[in-house]
Amino acid sequence: MMAGVAGVEEVGAEWQDPDPASTPTWALALTPAPASTPSLSLASDSLQALQDLTGDGGVRKEKLCPGSGQPVPPSASVAVKYSGYLGNWNKPFCSNGNSKYPRLMKLGKDITLCGLEIGLLSMRKGEAALFILAPEYAYGQRGCPPFIPPNTTVLFKVEVLDFIDSEECDTFFELTCEQQDRVPLETVLKVAATEREFGNYFFYKQHFKIAKDRYKRALSILGRRSSSKAEQSQINASKLLLFLNLSLTYLKLERADQALKYGELALEMDQRNAKALFRCGQACLHMREYSKSQDFLTRAQCIQPFNSDINNELKKLARYNKEYMELEKEMCCQMFDPVNSYG
């Protein structure tokens, strides 16, 4: 089968919708942990072998599973799974281990335990680790009643699922509009791509309104015109991805009119884009404009004749159209039957 057309751009080729998930609360809110969390044991001799990240023993690390790529940068927004433990490590005082899509947290803003932030900066995507945090790097002399006693050493088990480096985004959106216009196109495209990454993340968490806003934020900085044909082509390529994502997101929001709008904007840039044709066909089907839906989907099928999602949508259209015609026929019969009954 050729490349899929139903997924979010550059997130994956999957055609099925993501599983629904709830949004967890960060560890510092002390979310009660599930009762089924397995116990941990950490012998005193293993504490000697832990990596000392701070030089004073305040934050010590044991790597459980290696990650890949670059370490988490200081400006990143991270998605992690975590469990926090006290004393004998048998029962966590907080955990989001059951969450499939943990929320993104901005380093330096959403994570207020300095020891945990130090630990995260030592990790890579996919890595899992244990961290022992001394009180001065965790909850301090006062603790956090009633969960954390005063002067308590805590352990966190952490897995980095993903992160997005938003340093250039943060810097760019702090500029005035005039200053933004003077930023090199290469940087603008990077900022737009990062905003699209954020949108994709929220889309797969099923936070479609937030995803829509991030896609539109990316579009808002791509309005500049370039005298260079090559640069304009780069701008258009970035906008095309956003138009397609917005079309799909509006379908999820049950705003078929907006889905059609952005699908048609994508087609203005690429008339033979199968995803854009598919989106427009879906939108018209939602609006019961069966003839227009047939036109869009047939054109998409001509480009990708073996695409199962396009073919299934055409079957759905045929079924809906048949039901509609049968209903019309029944309504007509009901209109004329009383007349016929009087001879």
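1. Basis. This is a predicted model, in which local features need pLDDT of at least 70, side-chain atom pairs count only at pLDDT 80 or more, and totals for chains, interfaces and linings use all residues. Residues are numbered from 1 along each chain as its sequence is written, and side-chain values use heavy atoms, with hydrogens and water left out.

2. Confidence. The predictor's confidence in each residue is given as pLDDT, from 0 to 100. For the protein the mean is 84, and 80% of residues reach 70 or more. Helices (H or I, at least four residues) and strands (E, at least two) are DSSP runs, numbered from the N terminus. Confidence is lowest in helix H1 (residues 44-48), with a mean of 51, and highest in helix H8 (residues 256-269), with 98. Residues 1-5 have pLDDT below 50, and this stretch makes 20 contacts (heavy atoms within 4.5 Å) beyond near neighbours in sequence. Residues 10-41 are also below 50, with 87 such contacts in the model. Where pLDDT is low, the predicted coordinates should not be read in detail.

3. Helix H9. The expected span of a helix is 1.5 Å times one less than its number of residues. For the 13 residues of H9 (residues 274-286) this gives 18 Å, and the end C-alpha atoms are 18 Å apart, which agrees. Buried means under 20% relative accessible area, exposed over 50%, and partly exposed in between (1.4 Å probe, protein chains only). In H9, 12 of the 13 residues are buried, including Leu 277, Phe 278 and Arg 279. Just after the helix, Arg 288 has a positive phi of about 60°.

4. Asn 273. This residue sits in the loop between H8 and H9. At the start of H9, a side-chain oxygen of Asn 273 comes within 3.1 Å of the backbone nitrogen of Lys 275. Asn 273 counts as buried because its relative accessibility is 11%. Apart from neighbours within four places in sequence, Asn 273 is in contact with Leu 240, Leu 244 and Leu 267.

5. Strand S8. All 6 residues of S8 (residues 128-133) are buried, so the strand is largely enclosed by the rest of the structure. Ala 128, Leu 130 and Ile 132 point one way, while Ala 129, Phe 131 and Leu 133 point the other way. Two strands pair if DSSP finds at least two bridges between them. S8 pairs in the antiparallel sense with S2 (residues 59-65) over 6 bridges, and Cys 65 stands opposite Ala 128. S8 also pairs in the antiparallel sense with S9 (residues 154-165) over 6 bridges, where Ile 132 stands opposite Leu 155.

6. Salt bridges between parts of the chain. A salt bridge is a side-chain nitrogen of Lys or Arg within 4 Å of a carboxyl oxygen of Asp or Glu, and the count comes to 11. One of them joins Glu 127 and Lys 61 (2.7 Å, N to O). Glu 127 lies in the loop between strand S7 (124-125) and S8, and Lys 61 in S2, so the pair ties together parts that are 66 residues apart in sequence. Glu 127 is buried at 1% relative accessibility, and Lys 61 is buried at 4%. Another joins Lys 125 and Asp 162 (3.6 Å, N to O). Lys 125 is partly exposed at 39%, as is Asp 162 at 28%.

7. Other salt bridges. Lys 316 and Glu 313 form one, with the closest N and O atoms 3.7 Å apart. Both residues lie in helix H11 (residues 308-341), 3 residues apart, about one turn of the helix. Glu 195, Arg 214 and Arg 217 are linked in a network of salt bridges.

Technical notes: A polar contact is a pair of N or O atoms within 3.5 Å; within protein, one must be able to donate a hydrogen and the other to accept it, and residues adjacent in sequence count only if both atoms are side-chain atoms.
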